[in-house]
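Welcome! Let us walk through this protein together, from the whole chain down to single residues. Keep the picture in view as you read.

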Amino acid sequence: MTIKKKPSGPALITLQKVEKHYGDYHALRDINLEIGQGEFFSLLGPSGCGKTTLLRTIAGFEDYDSGYVMISSKDMRGVPANKRPTNMVFQSYAIFPHLTVLQNVAFGLRKSAMSKAEKTKAAEDALEMVGLKGYGHRAAHALSGGQRQRVALARALVLKPKVLLLDEPLSALDRKMREQMQVELIKLQREVGITFILVTHDQEEALVMSDRIAVMFEGEIVQCDDPEVLYRKPKSKRVADFIGVMNFLPATVREEGGKYIASVAGLGETEITGEQCPAGVPLGEATVGFRPETLTLLYEGQTATHREAPATIEEVVYYGDMTYYDVKFEGVDKPVRISMRNIFGRDVLDVGAPARVSWSPGALVVFGAGE
Ligand code: ATP
């Protein structure tokens, strides 16, 4: 998507060695992060991994045992949430149904020293920012889910925070509305230019929206990279499996005359480079990973661009624009998924039919057997 941009400027938020326990439970483990001015940053991970705890720690709603949280180079320990240059948009929109849209937005300014006219103007400006110009007089209870979400955003933006913290803000919306709001949020973030930190367990949402993503498991950040690096070069099988679909095949890796050779079950031998091994070259037992879109089923008479392997079709799942084929390579029990775009309509391939699969050695990612 072209509307994304790279973050610029120095770190606005720095976390160093942040640790937190809830009783015996280790909720945040050695968190080290730098988030830039104007960056769209996501915390991504499965339920219970500590994303919300980390966001609330930055917001000042949560204490931490040790380490540092700094915003604009100032140590935030002991600084209450309402004195931090952050504002949070919650999962539940917390819109007051008995107030108008404008009153809901102006609510954020209730403690400000602004005059009533200034507050109204600021609230109207914030509504315009989120695409709700002219909606101020409407009753909040009569809004759609997407509109409520925008009111919640306007209420957070009206305070002109340096950082907007978003805790699963789109999870209550249906799929279409969510996709629409994702694009709107990216545009909004670019327009207002402030740092957004988003908590999500939806990997697709994180990939679409973020400049950078921190992947968390069990209170720990296991990889922090831009979406493409996370997708193409996941540092572990676990990250690879969490971000999209990745096929895995057992392999062995050896060094021969200064080159690395991988012998991959079902595919055969191929040279690999250190670049393809995000956690270092695993000599000996290894696992090779590859995304479904890096494989192609060959038509009769078609030759492979790189390499070819014989297989059998196990399952065919039609998705309209795509078809997923699960195939079994010779000598491998576990099926491998191939995704093919249905550009000119669907080719009918029967379950049980023999197939030829084109694969590219450069698309392989090589992990240690235990990584
Ligand atoms: P979800 O996506 O489900 O919201 P999350 O990744 O945001 O999950 P957190 O809400 O940060 O996870 O919770 C991390 C862990 O800490 C969970 O195991 C949770 O049960 C625990 N936890 C969170 N808040 C508290 C609390 N106040 N007291 C005790 N344990 C807590």
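What percentage of the 371 residues of the chain count as buried? The value is 37%. Please keep in mind from the start that this is a predicted model. The chain has eight helices and 20 strands, and along its principal axes the C-alpha trace spans about 75 × 50 × 35 Å. Contacts can also be sorted by how far apart the partners are in sequence. Among the contacts in the chain with a separation of 6 or more, 68% are between residues 24 or more positions apart.

Strand S1 covers residues 11–22 and strand S2 covers residues 25–36, and eight bridges pair them in the antiparallel sense. Two residues lie between these strands, and in this hairpin Gly23 takes a positive phi near 60°.

Ser47 is found in the loop between strand S3 (40–44) and H1. Is Ser47 buried or exposed? It has 7 other C-beta atoms within 10 Å, and a residue with 12 or fewer is classed as exposed, so Ser47 is exposed. For a sense of distance across the model, compare Ser47 with Ser263: they are 216 residues apart in sequence, and their C-alpha atoms are 37 Å apart in space.

Strand S3 also leads us into a sheet. Six strands form this open sheet, in the order S6-S7-S8-S3-S9-S10, and the pairing is mixed. Strand S6 (86–89) and strand S10 (220–225) stand at the edges; each has a single partner strand, so one side of each has no neighbour in the sheet. From one strand to the next, the twist averages 20°. At the S10 end, strand S9 (residues 212–217) runs antiparallel to S10 and is joined to it by five bridges. To find this pairing in the picture, look for Val215, which stands opposite Gln223 in S10.

Another open sheet has five strands, in the order S13-S12-S11-S14-S20, with antiparallel pairing. Here the edges are strand S13 (268–272) and strand S20 (365–368), each with a single partner strand, so one side of each is left without a neighbour in the sheet. The twist in this sheet averages 40° from one strand to the next. Strand S14 (residues 284–290) is joined to S20 by four bridges, and the two run antiparallel. In this pair, Ala286 stands opposite Gly368 in S20.

Now turn to a helix. Helix H3 has 14 residues, 116–129, and at 1.5 Å a residue it should span 20 Å; its end C-alpha atoms are 20 Å apart, so the expectation and the model agree. Which residues of H3 are buried? They are Ala122, Ala123, Glu124, Ala126 and Leu127. Helix H2 (101–107) and helix H4 (145–157) are included in what covers these buried residues. After H3 comes Gly131, whose phi is positive, near 80°.

Most residues other than glycine have a negative phi. Ser72, however, has a positive phi near 50°, and Ser73 has one of about 65°. Where do they sit? Ser72 lies in the loop between strand S4 (66–71) and strand S5 (74–75), and Ser73 lies in the loop between S4 and S5 as well. Their surroundings can be described by counting neighbours. Ser72 has 15 C-beta neighbours inside 10 Å and so counts as partly exposed, whereas Ser73 has 9 inside 10 Å and so counts as exposed.

Conventions. Residues are numbered from 1 along each chain as its sequence is written. This is a predicted model: local features need pLDDT of at least 70, side-chain atom pairs count only at pLDDT 80 or more; totals for chains, interfaces and linings use all residues. Two strands pair if DSSP finds at least two bridges between them. Axes are lines fitted to C-alpha atoms, for helices over the stretch in contact, and angles run from 0 to 180 degrees between N-to-C directions. The expected span of a helix is 1.5 Å times one less than its number of residues. A residue is buried if 20 or more other C-beta atoms lie within 10 Å of its own, exposed if 12 or fewer, and partly exposed in between; C-beta atoms are placed from the backbone. Two residues are in contact if their C-beta atoms, placed from the backbone, lie within 7 Å.
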